[in-house]
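Me: I'd like to go through this structure with you, a piece at a time. Can you start me off with how each chain is put together?

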Amino acid sequence: MTSRRSQRTSPALDMDAVLDDPGIRIIVCCGSGGVGKTTTAAALGVRAAERGRRVVVLTVDPARRLAQSMGLTELDNTPRPVVGVDGPGELHAMMLDMKRTFDEIIEAHADPVRARQILENPFYQSLSSSFSGTQEYMAMEKLGQLRRAGEWDLIIVDTPPSRSALDFLDAPERLGRFLDGRLIRILMAPAKAGGRSAFKLLNAGFGFVAGAMTKILGAQFLKDIQMFVGALDAVFGGFRQRAEQTYKLLQAPGTAFVVVAAPERDAMREASYFVERLAEEGMPLAGLVINRVHTSPAPALSAARSAAAAEDLESRGGHELTAAVLRLHAGRMQLAAREHREQEHFATAHPTVPIAQVLAMPEDVHDLNGLRRIGELLTA
Amino acid sequence: MSALDTDWDGVRLHVVTGKGGTGKTTVAAALALALAAGGRKVLLVEVEGRQGIAQVFDTPPLPYEERKIAVAPDGGDVYALAIDPEEAMLEYIEMFYGLKRAGKALTKIGVMDFATTIAPGLRDVLVTGKTTEAVRRRDKSGRRVYDAVVMDAPPTGRITRFLNVTNEVAGLARIGPVKHHADLVRGVVASPETAVHFVSLLEEMPVQETLDGIASLREARLPVGGVFINMVRPELLPEATLDAAARDDFDPGELALGLKAAGLADGTADATSIAEALAGEIEEHARRTMLERRERETLNEAAVPRYELPLLADGADLAGLYELAEAIRAQGAA
């Protein structure tokens, strides 16, 4: 009763309840780079499969180590079965190949001649392999495909390490805005005017703009874009529509967002931002997973007492080992206290968000057992 | 320290990359402080619109404008700039084409949106272009305005593509102004005036990414700088203890006696129970230390200068930045 004022306690995130809920069909792991998002996604996949679900993990992280930890030499754009999963469920894993995914969309929606035109266009080649928003868009596209295929009852996806954290939510909208925008109509004009320079057909304002664009970008660049856009128009009638469908899918109750963080200032700040953005967008949040949390097996011995005792021993001489161990412990307690403060800041701002902690392990994850262990820590 | 005996004399553009979570922005900021020490003028630029520099220096968000953000040890100024691609594009159009009005019109119909977020490679050319302009800029007397420019660059996984601008726009613009601009940028980025530094931790994934990043930069013939190993913990325990603990064979007997001598335990039984609890901590520390040593060896393969930066007990606050800057100077990186 009295502790409520001094210490805020967030509700515990019951991850097993999420994994066991047959109504949950999609889990999205998001968070800033380097917080262990992909490992969390894989660990959730292993645990869900071992608790009986048919799971596919879709990752965007090309880390070989992760593939190896699931016994796969490498991950590609097709779901591969993971061998060694115990229990009644199944686990598949795949890595998003954004160019391949983009190519497949083109091939599926255009006649062969037009498809080749698009695939060979230099602008398309650049867009499909290096535009920073393509990965986000294709991740969402792949998610939609997997969901429609209906082969899995749980899809776990981790999100690209984007420039800004929620690019994967914004990118489809941005691409849609571009494809529906005024600019596209200008670029499209030549194709519609039967190859004649469309700029002449437009009013003086547009002509001025077009002239500027030619001057800045160069005529060839503009021509490539025009060709690309012209060819794409026929293919991508449903482009924006599909992006909107996936977006709605993410808002539906069958989806659970898991924000992943590490107990450090930057990562927790990003986590706060995520939580707020997801609420704004009406996306269902399951909770926050905080990875790599440090605790001590001797919590009663405080950092201050430990450091003071070490100093005392050092000044008296002798007991060098004990002094060194006390220094080590003081550092550890200090770190734990700092991490705890970061969590409290978050809890103060978002008191209703459930939290699960994963204790730091001294070594990295190498195999299914390692992923299993993370899963246990996550639900402990 | 004389300005002439560092490892990167002659380098004017320091590009700092690293895997997410390694403290890339913090190290870039500390490097800028270190380079400015002793009365020099350094520009710290941010290219990803995250306002990480403002957070590190604990200031309000940075505008698209070079402004003084910190004073270095022994006098010296660090300026900061958050590059906004759209602003850079407008500036570029105005500067090179004298088309201010066109810029506004282009923004209105979405060309800017297109050019800076949709058109691949263009965005990167714009931000690297703005950065290299600052590197080349001279005052009226013909002296360089900045002694050095430090860029808080995109993460390791994207760095080669980001810097390899000519390649990126090659398929798009074989000729014309975009190509010309990209060539100009390449001239600076691929020259000995540039060094691309990596920030890593002594953990498997960041080390592997660092080695992969270095290999891909070399392949693209871009200049590799040094590796900054961040958040290094001191090795406190004697070798014999580490060995025993790593084998799960640590004897807490001596520790229990020490705890008693230090007045931390209430009798022998209490001393033993605290010592046994601490033994768990020691084992973890030992395993971690062994892993860190292996990773340090692995980083050796890259054969580039390495610098070690201490883990800051209170996190990367402003005082911590100066501490890191001092460590950078002491090791000859600046």
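Reply: In chain A, residues 24 or more positions apart account for 75% of the contacts with a separation of 6 or more, where two residues are in contact if their C-beta atoms, placed from the backbone, lie within 7 Å. Please keep in mind that this is a predicted model, in which local features need pLDDT of at least 70 and side-chain atom pairs count only at pLDDT 80 or more, while totals for chains, interfaces and linings use all residues. Residues are numbered from 1 along each chain as its sequence is written, and chains are lettered from A and ligands numbered from 1 in the order in which they are written.

Me: And what does chain A have in the way of helices and strands?

Reply: Chain A has 17 helices and 8 strands, which are DSSP runs numbered from the N terminus (H or I, at least four residues, for helices; E, at least two, for strands). Of its 380 residues, 47% are buried, meaning that 20 or more other C-beta atoms lie within 10 Å of a residue's own; 12 or fewer makes a residue exposed, anything in between makes it partly exposed, and the C-beta atoms are placed from the backbone.

Me: OK, what about chain B?

Reply: Chain B has 14 helices and 8 strands, and buried residues make up 50% of its 334 residues. Its C-alpha trace spans about 85 × 40 × 40 Å along the principal axes, and among contacts between residues at least 6 apart in sequence, 72% join residues at least 24 apart.

Me: Which residues touch the most other members of the largest nonpolar core?

Reply: That core has 171 residues, and those touching the most other members are Val259(A), Leu31(B), Ala32(B), Leu33(B), Leu44(B), Val78(B) and Val150(B); a nonpolar core here is a set of buried Ala, Val, Leu, Ile, Met, Phe, Trp, Tyr and Cys residues joined through C-beta atoms within 7 Å. Helix 1 (residues 24–36) of chain B gives the most to this core, with 10 residues. There is also a second, separate core of 28 residues, which includes Leu313(A), Ala262(B), Ala275(B) and Ile282(B).

Me: Back to Val78(B), what does it touch?

Reply: Leaving out residues up to four places away in sequence, Val78(B) touches Ala32(B), Leu33(B), Ala36(B), Val42(B), Leu44(B), Ile69(B), Ala70(B) and Ala72(B).

Me: Switching topic: how many residues does helix 13 of chain B have?

Reply: Helix 13 of chain B has 33 residues and reaches 47 Å from its first C-alpha to its last, close to the 48 Å expected at 1.5 Å a residue, where the expected span is 1.5 Å times one less than the number of residues. Its buried residues include Ala271(B), Ile274(B), Leu278(B), Glu281(B), Ile282(B) and His285(B).

Me: How does helix 16 of chain A sit against helix 13 of chain B, parallel or perpendicular?

Reply: The axes of helix 16 (residues 320–349) of chain A and helix 13 of chain B come within 11 Å and cross at roughly 85°; axes are lines fitted to C-alpha atoms, for helices over the stretch in contact, and angles run from 0 to 180 degrees between N-to-C directions. The two helices are therefore roughly perpendicular to each other, the word used for 65 to 115 degrees, whereas angles under 35 count as roughly parallel, over 145 as roughly antiparallel and the rest as oblique. Val325(A), Leu328(A), His329(A) and Arg332(A) of helix 16 of chain A meet Leu278(B), Glu281(B), Ile282(B) and His285(B) of helix 13 of chain B.

Me: What about helix 11 of chain B and helix 13 of chain B, at what angle do their axes cross?

Reply: The axes of helix 11 (residues 239–246) of chain B and helix 13 of chain B cross at roughly 100° and come within 8 Å, which makes helix 11 of chain B roughly perpendicular to helix 13 of chain B. Helix 11 of chain B makes this contact through Leu242(B), Ala245(B) and Ala246(B).

Me: Last one, where is Asp74(B), and is it buried or exposed?

Reply: Asp74(B) is in the loop between strand 3 (67–71) and strand 4 (77–82) of chain B, and it counts as exposed because it has 11 other C-beta atoms within 10 Å. Its phi is near 60°, a positive value in a residue other than glycine.
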